[in-house]
Amino acid sequence: MVLTTRVKVLSAVAAAIAVYIVASAPDAPTATTGAVARRTSVAGSGSSSSAPGGAVHRDVSSTSGPDASALLARLSRRVSDGKAAPALFHTQSWYVAPPPPPPAPYVEPPPPPAPTAPPLPFTVMGSYARPGDVAVYFLTRGDRVFDVRVGDTIDHTYSVDSAANGQLLLTYLPLKIQQSLALGGSQ
């Protein structure tokens, strides 16, 4: 009969479990050792005999004497050490944490952008000029209409500087920034 590796491994595991069960049986020294001695003496009857499967049974009590029963009694009362039990399945980690990344270099924040004037809130509605008189420009903001001339100030925020080349030049007074407003086709 050919035994595969799987059968061999399973047999070894079963044998190991059986040995563990016998070795860790609860304390019953007299009953256990007496039963083992009787079992071996009945199976062997004082001499070696061959079983049908080819196994050889020996009488443990007759060959080794009282040493075998004392050994079995000591094995049945064996107590495992409580300190060694956690070490059976102790895990060892070889992980080493990487070093922390170096701190980021200090970068000075960029300067704030230069202030700019808001977009012009006016639109040109038109202009009127009498012959020989200064031109009047009509600007609207929302629902308000402003009639302005060059040199006027609108709401203490904008001043009208000049009108040339189809452009009305206004200055945003808080920041002193000039802006231009297209006059369109009218001048």
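The following legends describe close-up views of one predicted protein model.

Residues are numbered from 1 along each chain as its sequence is written, and side-chain values use heavy atoms, with hydrogens and water left out. Because the model is predicted, local features need pLDDT of at least 70 and side-chain atom pairs count only at pLDDT 80 or more, whereas totals for chains, interfaces and linings use all residues.

**Figure 1. Overview of the secondary structure and surface.** The protein contains four helices and nine strands; helices (H or I, at least four residues) and strands (E, at least two) are DSSP runs, numbered from the N terminus. In order from the N terminus, the elements are α-α-β-β-α-α-β-β-β-β-β-β-β. Of the 187 residues, 17% are buried, a class defined by under 20% relative accessible area, with exposed meaning over 50% and partly exposed lying in between (1.4 Å probe, protein chains only). Among contacts (heavy atoms within 4.5 Å) with a separation of 6 or more, 28% involve residues 24 or more positions apart.

Figure 2. Rings of Phe, Tyr and Trp (its six-membered ring) pair if their centres lie within 6.5 Å; planes under 30 degrees apart count as stacked, over 60 as edge-to-face and the rest as tilted. Y158 is in strand β7 (residues 158-164), so its pair with F122, in the loop between α4 and β3, ties together parts 36 residues apart in sequence. The relative accessibility of F122 is 4%, and that of Y158 is 3%. Ring pairs join F122, F146, Y158 and Y172 into a cluster.

Figure 3. Two strands pair if DSSP finds at least two bridges between them. β3 and strand β4 (residues 136-141) are antiparallel and share five bridges; V124 has L139 in β4 as its bridge partner. β4 and β5 likewise run antiparallel, joined by five bridges, and T140 is partnered by V145 in β5. The hairpin of β4 and β5 has two residues between the strands, and G142 adopts a positive phi near 65° there.

Figure 4. Four strands, in the order β6-β7-β8-β9, form an open sheet with antiparallel pairing. β6 (153-154) and β9 are the edge strands, each pairing on one side only. Six bridges connect β7 with strand β8 (residues 167-172) in the antiparallel sense, and L170 in β8 is the bridge partner of V160. G166 is placed in the loop between β7 and β8 and is buried, with a relative accessible area of 13%. The C-alpha atoms of G166 and A182 are 6.1 Å apart, although the residues are 16 apart in sequence.

**Figure 5. Surroundings of Q179.** Q179 is located in strand β9 (residues 177-182) and counts as buried at 15% relative accessibility. Its side chain reaches the backbone oxygen of P118 at 2.9 Å. Beyond neighbours within four places in sequence, Q179 is in contact with residues including A117, P119, L120, Y158, L168 and Y172.

**Figure 6. The largest nonpolar core.** A nonpolar core is a set of buried Ala, Val, Leu, Ile, Met, Phe, Trp, Tyr and Cys residues joined through side-chain atoms within 4.5 Å. The largest such core has 15 residues, and those with the most contacts inside it are F122, L139, V148, I154, L168 and L170. β4, β5, β7 and β8 each give two or more residues to this core, and β8 provides the largest share, three residues. Leaving aside neighbours within four places in sequence, L170 is in contact with residues including L120, F122, Y158, V160, I177 and L181. In soluble globular proteins, nonpolar side chains tend to be buried together.

How values were computed
Polar contact = N/O pair within 3.5 Å; in protein donor to acceptor, adjacent residues only side chain to side chain.
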